[in-house]
Amino acid sequence: MDPTRQLELTAAETVAAIRCGALTATALVTTLLARARAQSDLNAMILLTEADALAAAARVDAAVKAGGALPPLAGLPIVVKDNINLNGTPTTGGTPALRDARPTNTAPSLQRLLDAGAIVLGKANLHELAFGITSTNFAPFAGPVRNPYDRTRIPGGSSGGTAAAIAARIASCGLGTDTGGSTRVPAALTGTVGLRPSVGNGGAERRYHDPGAVVPISRTRDTVGPMGRTVADVALLDATITGTDPATPASLAGLRLGVPASFWDGLSRDVASVCAVAKARLADAGVVLVDVDVEGLRALNEQVSFVVALHEPIEDLPAYLAASGLHGLDTKAIAERIASPDVRGAFEAILGDAFGAAYPAAMTAHRPAMQALYARTFAQHRVDALLFPTTPLAAVPIDAAAGSGQVSIDGGPPVDAFGTLIRNTDPASNAGLPGLSLFAGMTTGGLPVGLELDGPLGSDRRLLSIGLAIEAVLGRAPAP
């Protein structure tokens, strides 16, 4: 198969081509590794696991030749965010203190993909320690991730390396993590697809369980999330991780989606224009768009978001280091070597436990109130999901001085980049709900725009089904 065609294969097409002998896993891995090296200026990858990937590909090819049974993802190359553990391979978290850290465990979500035959091409770059939304990393071995659609702009974060690699055709799919938008924001800004699975209160309702195997921010909010160029790619990874059947497209005729006005306010002109067209096309396809008011949600979110994310690392980071066999490191030692100024600022608040006093109320009062508000909204309006622009603006220029810094919407006054980019993704994250960002369209300047679906707790498969149907209407992003 021609290398150019190889680069455009979806995950399902890849597996099928290898299974029928139209393509060898070795040829594909070789093509993608060459692509990664050719696109190295994106800083999408921290590490390419070339020898291991080629050896795994050779084993798949031998199995195909022998005619035996193959696992469902046999030969599928993936990229993995470099805060997700792979036993014996460095998990740097994009931070100097962990550069040579080799955990002794593998994240269960990743292990399920490996058991199904997936091949890890390498570890993807990220906003340092996942504490940012731009993926502008200041660690000397990582550097800022660049958007394949415009290398002067951010890909979003913190899973920006995974998103950039997928958009740049280094892999068709992979894994990121999401705390407040870290799979969905980069998906929106790179024209890809990102799923935040259900987390709930961390019990049986948590869709993915990866304790002690992901460099943490918050046990309450963190989750691994699949990312891909298509909704079908993401659905395939999700089904493999959960041991369920992949989602199938929903019917859009009569489908009720809530449109929360506050999530549609304050958009840049280009994002507003793209999403208005997308909304009209969905209505033409039979979707019933229901105006909903989630009154009080923003105020509740402010009582939970930073309070949880800047308190729980005090316990969660030491627990991760112990579970991963990374002895001799502690939170203070990691903080002292942080390279990115915005991340250093966050860790000053963590080490000082600036939000410790507010934490109990956040967990026992405000977060349950958010969950109840969302549940009432879905029930009272009889909607399957909420629909809104993933981010209020498209990819912004890289801030080489601050990391996250400030942004301007349509030439207006500077506003905080972090708060602006997670404005729409953060609330459902704090309530533990699932969310899916998919491609909405392109701005006149050639930048992708994302559209998000947030659903009730446990509705992940339904969200993917709706996403498959919406993608059939709105299409996929063009190659960069």
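I began with R219, which is partly exposed at a relative accessible area of 39%. On my scale buried is under 20% relative accessible area, exposed is over 50%, and partly exposed lies in between (1.4 Å probe, protein chains only).

This is a predicted model, where local features need pLDDT of at least 70, side-chain atom pairs count only at pLDDT 80 or more, and totals for chains, interfaces and linings use all residues. Residues are numbered from 1 along each chain as its sequence is written, and side-chain values use heavy atoms, leaving out hydrogens and water.

I looked up the partner of R219. E315 forms a salt bridge with R219, with the closest N and O atoms 3.2 Å apart (a salt bridge is a side-chain nitrogen of Lys or Arg within 4 Å of a carboxyl oxygen of Asp or Glu). E315 sits in helix 13 (residues 313-323) and R219 in the loop between strand 5 (193-196) and strand 6 (223-228), so the pair ties together parts that are 96 residues apart in sequence. Helices (H or I, at least four residues) and strands (E, at least two) are DSSP runs, numbered from the N terminus. E315 is partly exposed, at 47%.

I then asked how many salt bridges the structure holds. There are 16. D178, R184, R196 and E452 are linked in a network of them.

Last, I turned to T177. T177 is in strand 4 (residues 173-178). Is T177 buried or exposed? T177 is buried, with a relative accessible area of 6%. I found that T177 touches several residues, including S159 and V214 (contact means heavy atoms within 4.5 Å).

Technical notes. Lists of a residue's contacts leave out its neighbours within four places in sequence.
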